[in-house]
Amino acid sequence: MNDRFKFRVWDIEYKKYYPATEFCVEDLQDSGDEIIVEQCTGLRDMNGKLVYEGDVVHQTVGGLTCRIVFYRGAFCGEFVGGFTSPLSGWFRPDFDEVIGNIHEEEEVSNLESIVPPLELCKKIPEGGFEDSALVWCRVRGEDVVCAREHWVGVFGMSPVPAPTLEEILDALDDLGADFCMCEFQIGNKSYCYPTGVEEAILLWFKVKGIEVEE
């Protein structure tokens, strides 16, 4: 069977994929709000995995990430900002990789809760947390947190670092912090030990001498 004519079905209620062969044609045509039918592009990624609508694809060369959509009669990659480009113009089987899909990504993605708010992260000076695993970026008009390695650059914009609590505590340690019980000693000054990520980044600002409104 031609891979191009393979389908998979996302069950909205049970939040899992099923092969389309487990459904009759009538079920697929009258799916309503219960299932989402996605077609295979006929392409395989660098690991030999078939690429379907709804997949999230990362370009190992260039660093761009997009989701696969069917748009104006062709399979396309939809990049940050809503820009779409046909797969025929950029997809390279030897370098591009399926790293997830839009449904399961939504289930596991709650990254905003483990990093400081965007407004605080914007106050981090250039060079600060430049190796943070997560960054704030703008996707389809919304500010979201994503993995730095999967972030899509748009018009040369730089991502806003989104450090985790562990990364902030490591940075404080590099500044000479001495942890002891519930106190935090830096030089001759004592601070309360930060227990949350927002509290930690505010302490980091204070130690660095950066004034921010709390």
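**A conversation about the chain**

Guide: The chain's secondary structure comes to 5 helices and 15 strands; helices (H or I, at least four residues) and strands (E, at least two) are DSSP runs, numbered from the N terminus. This is a predicted model, in which local features need pLDDT of at least 70 and side-chain atom pairs count only at pLDDT 80 or more, while totals for chains, interfaces and linings use all residues. Residues are numbered from 1 along each chain as its sequence is written, and side-chain values use heavy atoms, with hydrogens and water left out.

Visitor: What share of the residues in the chain is buried?
Guide: Of the 214 residues in the chain, 38% are buried. Buried means under 20% relative accessible area, exposed over 50%, and partly exposed in between (1.4 Å probe, protein chains only).

Visitor: And what does the accessible surface of the chain come to?
Guide: The accessible surface is about 12900 Å², and 50% of that belongs to carbon and sulfur atoms. Accessible areas come from the Shrake-Rupley method with a 1.4 Å probe; for residues, only the protein chains shown count as cover.

Visitor: Let us turn to sheets. What is the strand order in the open sheet of 4 strands?
Guide: The order is β2-β1-β3-β4, and the pairing is antiparallel. β2 (16-19) and β4 (50-52) stand at the edges with a single partner strand each, so one side of each has no neighbour in the sheet. From one strand to the next, the twist averages 40 degrees; axes are lines fitted to C-alpha atoms, for helices over the stretch in contact, and angles run from 0 to 180 degrees between N-to-C directions.

Visitor: What counts as pairing there, and over how many bridges do β1 and β2 pair?
Guide: Two strands pair if DSSP finds at least two bridges between them. β1 and β2 pair in the antiparallel sense over 4 bridges, and Trp 10 stands opposite Tyr 17 in β2. In general, strands of a sheet pair through backbone hydrogen bonds, either parallel or antiparallel.

Visitor: Where does Asp 3 lie?
Guide: Asp 3 is in the segment before β1 (7-11). Its relative accessible area is 17%, so Asp 3 is buried.

Visitor: Which side chain does the side chain of Asp 3 join in a polar contact?
Guide: That of Arg 44, at 3.3 Å. A polar contact is a pair of N or O atoms within 3.5 Å; within protein, one must be able to donate a hydrogen and the other to accept it, and residues adjacent in sequence count only if both atoms are side-chain atoms. Beyond its neighbours within four places in sequence, Asp 3 is in contact (heavy atoms within 4.5 Å) with Cys 40, Gly 42, Arg 44 and Leu 50.

Visitor: Now the open sheet of 5 strands: what is its order?
Guide: It runs β8-β7-β6-β5-β9, with antiparallel pairing. β8 (84-86) and β9 are the edge strands, each pairing on one side only.

Visitor: How many residues of strand β5 are buried?
Guide: In β5 (residues 55-59), 5 of its 5 residues are buried. Asp 55, Val 57 and Gln 59 point one way, whereas Val 56 and His 58 point the other way.

Visitor: Which strands does β5 pair with?
Guide: β5 pairs with β9 (residues 96-101) over 5 bridges, where the bridge partner of Gln 59 is Asp 96. β5 also pairs with β6 (residues 65-71) over 3 bridges; there, Val 56 has Arg 67 as its bridge partner.

Visitor: What does Ile 102 touch?
Guide: Ile 102, which lies in helix α2 (residues 102-108), touches Gly 54, Val 56 and Arg 67, not counting residues up to four places away in sequence. Ile 102 is partly exposed, at a relative accessible area of 23%.

Visitor: On to α4. Which residues of that helix are buried?
Guide: In α4 (residues 165-174), Ile 168, Leu 169, Ala 171 and Leu 172 are buried. They are on the same side of α4 because they cover an arc of only 155 degrees around the axis; the arc is that of the directions from the helix axis to the C-beta atoms. Glu 166 and Asp 174 are exposed on the other side of α4.

Visitor: Finally, is Phe 129 buried or exposed?
Guide: Phe 129 counts as buried, at 13% relative accessibility. Phe 129 has a positive phi of about 50 degrees although it is not a glycine.
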